[in-house]
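Here's a quick briefing for anyone opening this one up for the first time. Have a look at the sequence and the model, then read on.

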Amino acid sequence: MTPYTALALAITTEVIATSALKATESFTRPWPSVLVVVGYAMAFYFLSVAVKVIPVGVAYGIWSGLGIVLVSVIAYFLHKQSLSMYQITGLGLIVLGVALVNFKS
């Protein structure tokens, strides 16, 4: 597995887990709770695989930045949470920051 494949899997599993967090209803619903715990465990496993090669600061920046953007987009559609122009601009700046971090990495 390439380091960037592992990082993509870390981001994907973290986004799934975070998106399911609201459905746990404070961990009182078992299946969403299992999804969250397993998702976070997988995310950290794949992140640990990625940081064997990718510098930890770069990997974590990509992981957290893209995670924030993807969770915000999913929450917009799934939970009908609105995004203001300031929030959309901020998310765009996060994407720009992730792109800049990767430009010469």
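What span should the 21 residues of helix 2 have at 1.5 Å a residue, and how far apart are its end C-alpha atoms? Helix 2 (residues 30–50) should span 30 Å, and its end C-alpha atoms are 30 Å apart, so the two agree; the expected span of a helix is 1.5 Å times one less than its number of residues.

Before going further, some ground rules. This is a predicted model, where local features need pLDDT of at least 70 and side-chain atom pairs count only at pLDDT 80 or more, while totals for chains, interfaces and linings use all residues. Residues are numbered from 1 along each chain as its sequence is written, and side-chain values use heavy atoms, with hydrogens and water left out.

**The whole chain**

- The chain has four helices and zero strands, going by DSSP runs numbered from the N terminus (helices are H or I with at least four residues, strands are E with at least two).
- Its C-alpha atoms fill a box of roughly 45 × 35 × 15 Å, taken along the principal axes.
- Of the 105 residues in the chain, 31% are buried, where buried means under 20% relative accessible area, exposed over 50%, and partly exposed in between (1.4 Å probe, protein chains only).
- Among the chain's contacts with a separation of 6 or more, 62% join residues 24 or more positions apart; a contact means heavy atoms within 4.5 Å.

**Helix 2 and helix 3**

- Helix 2 has several buried residues, including Pro 32, Val 36, Gly 39, Ala 43 and Leu 47.
- Helix 1 (3–20) and helix 3 (56–78) are among what covers the buried residues of helix 2.
- Helix 3 has 23 residues and reaches 31 Å from first C-alpha to last, close to the 33 Å expected at 1.5 Å a residue.
- Buried residues of helix 3 include Val 58, Ala 59, Ile 62, Trp 63 and Gly 65, and the buried residues of this helix pack against helix 1, helix 2 and helix 4 (85–103).
- Just after helix 3, Lys 80 takes a positive phi of about 55 degrees.

**The nonpolar core**

- The largest nonpolar core has 17 residues, and Leu 7, Ile 11, Leu 47, Ile 54, Ile 62 and Trp 63 touch the most other members. Helix 1, helix 2 and helix 3 each supply at least two residues of this core.
- Such a core is a set of buried Ala, Val, Leu, Ile, Met, Phe, Trp, Tyr and Cys residues joined through side-chain atoms within 4.5 Å.
- Ile 54 is in contact with Pro 3, Tyr 4, Leu 7 and Ala 59, leaving aside its neighbours within four places in sequence.

**Aromatic rings**

- Searching the whole structure turns up four aromatic pairs. One of them is Tyr 45 with Phe 46, edge-to-face at 5.3 Å centre to centre and 65 degrees between the planes.
- Rings of Phe, Tyr and Trp (its six-membered ring) pair if their centres lie within 6.5 Å; planes under 30 degrees apart count as stacked, over 60 as edge-to-face and the rest as tilted.
- Phe 44, Tyr 60 and Trp 63 form one aromatic cluster.

**A closer look at Thr 13**

- Thr 13 sits in helix 1 and counts as buried because its relative accessibility is 10%.
- The side chain of Thr 13 reaches the backbone nitrogen of Ala 43 at 3.2 Å.
- Leaving aside its neighbours within four places in sequence, Thr 13 is in contact with Gly 39, Met 42, Ala 43 and Phe 46.

Key
Polar contact = N/O pair within 3.5 Å; in protein donor to acceptor, adjacent residues only side chain to side chain.
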